[in-house]
Amino acid sequence: MNNNVKHYPCFIHGQWVNASNGKTFEVIDPANEQVWATVPDCTADDVEAAMQSAQQAQLAWQLLPAVERGRYIHRLVEALKPKRDHFAKLIVKEQGKTLVQAYGEFDDTLNYLTYSAEAVRRIQGEIFPSDSANEQIHINRVPYGVTLGLCAYNYPLALIGRKIGPALVTGNTMVLKAHEATPVTASEFCKAVEEAGIPAGVINLVSGAGIEVSSQLVTHPLTRLVSLTGSTPAGQAIYQASADNVSGLVLELGGKAAFIVLADADIDKAAEAAVVSRYANCGQVCICNELVLVEESVAEEFTHKVLEKVKDITVGDPMQDVDMGPSVTQIGLDRVADMIDTSVAMGAKVVIGGGRPAGKEFEKGHWFEPTVLTEVTAEMPVAAQEMFAPVMPIIKVQNFEQALAIANDREEGLSSYIYTQDVNKIMHTINRLEVGTVFVNRQITGNVQGYHSGHKRSGIGGEDGIHGIENYLQKRVVYWSYE
């Protein structure tokens, strides 16, 4: 046995536990494919224990004054703060993003939690006049009860904060299930939960190597709301599996963000934003620039400036001072390589990158070069399917209307970008683009007071801001008659 491999248990009802049958699964470092951790491969009995714990704790948690729940979240933030270096390095080892970006993820996590804690005094109800004498109609906001937080692998810590904060401050309890590729961060997060003194059962954590644990959680009769960040197929499966429970859903699913560059755009800024918005976190961001649509008259200039910037992207050990680390999984990269091959056979041209970087340090690990394809058409796989990888396809379009048509001719509708100085076209973009988020003359970003949601098959509900908190609350109407 490798003595450098550490075991990270689950957290159920305030206790550190392993799978009831003793089984575990391995966690690998995506930079070198070395096993460095194990976590429990939980059973149906473990899921049952976590769900019963969450149910047992929920009513007492709900009946706490909201400000008290907020204080617990503040304590959680204080418990996390001294661990910034620890979590940043843990995220790099588990997920592969660069150390600078990992520090950013840690800071975002505290931001999500703090925003939720500060919102506890802003949970509102309404009072309406009744049609009857001596009567009022009260509409109260109440929690769902036991909720699930199912997290993707691209932001293993921030997605926990994004879900835990609003779920807890509104009076829900939550059972967490991290992605099987990145489960260690969640276990370490629960150490801060314990340190903050959050009551047993308010936050539980289970892990599993396959889909069984997630399926058991989603279909469990105690589940009242499911919050998922993941792919569109995963969201569709959960949507169907939740039908018997008629559970509430907050689904943030896949996207294929179009990056529209019109002839009057500031080309230097557009090129810079296109690169930053494509290769951040090795292209593993749901709102990444997945498809450039550039007007023909500026396509050559824009592409040249993009390539100059892509050439400067450094790839390597994410613990070092580099711009891009590895992808989380090799399966995803193999899929993207096939998409590139098919697109090239259809006429696309790889102008930079296109495969694994050269060098001994890249022989092991999930590596892919920053890649740009030109001569792309909308029906090619690199344009038609979400890649979630550091690959930028560029399509020349004749005009704004064609760009808008290509962007809208999709089943997903998560986000999009537009670079132009034409206010009229900006307004038409806002009115007509079928997405949840539009970035106008700015690169990939997001603020906690905004709202992150998808249209069409990119999800239901959403997260962040007052509307994100609202998604963890139901309405209870009271008809109050008095003498």
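Before you click anything: the model is predicted, so local features need pLDDT of at least 70 and side-chain atom pairs count only at pLDDT 80 or more, while totals for chains, interfaces and linings use all residues. Residues are numbered from 1 along each chain as its sequence is written, and side-chain values use heavy atoms, with hydrogens and water left out.

**Stop 1: the domains.** Colour 6-253 plus 458-479 as domain 1 and 258-440 as domain 2; the bounds come from an automatic or database domain assignment. Their C-alpha centres are 31 Å apart. At the interface, 22 residues of domain 1 are in contact with 23 residues of domain 2 (contact: heavy atoms within 4.5 Å).

Stop 2: Select 6-7, 24-28 and 35-40, which are strands E1 and E4 and strand E5. Strands here are DSSP runs of E with at least two residues, helices are runs of H or I with at least four, and both are numbered from the N terminus. The sheet is open, ordered E1-E5-E4, with mixed pairing; two strands pair if DSSP finds at least two bridges between them. E1 and E4 stand at the edges with a single partner strand each, so one side of each has no neighbour in the sheet. E4 and E5 run antiparallel over 5 bridges, and Ile28 sits opposite Val35.

**Stop 3: Glu290 and its partners.** A salt bridge is a Lys or Arg side-chain nitrogen within 4 Å of an Asp or Glu carboxyl oxygen, and the count comes to 23. Lys256 reaches Glu290 at 3.0 Å between the closest N and O atoms. Lys256 is in the loop between E12 and E13, Glu290 in strand E14, 34 residues apart. Arg278 also bridges to Glu290, at 3.7 Å; Arg278 is in helix H9, so this pair ties together parts 12 residues apart in sequence. Buried means under 20% relative accessible area, exposed over 50%, partly exposed in between (1.4 Å probe, protein chains only). Arg278 is buried at 0%, Glu290 at 1%, and Lys256 is buried as well.

**Stop 4: a nonpolar patch.** Finish with Val423, Met427 and Ile430, which make a nonpolar surface patch of about 280 Å². Patch residues have over 30% relative accessible area and no salt bridge; like charges are joined within 9 Å, nonpolar side chains (Val, Leu, Ile, Met, Phe, Trp, Tyr) within 5 Å. Areas are Shrake-Rupley with a 1.4 Å probe, and for residues only the protein chains shown count as cover. Val423 is in helix H14 (423-432) and counts as exposed at 57%.
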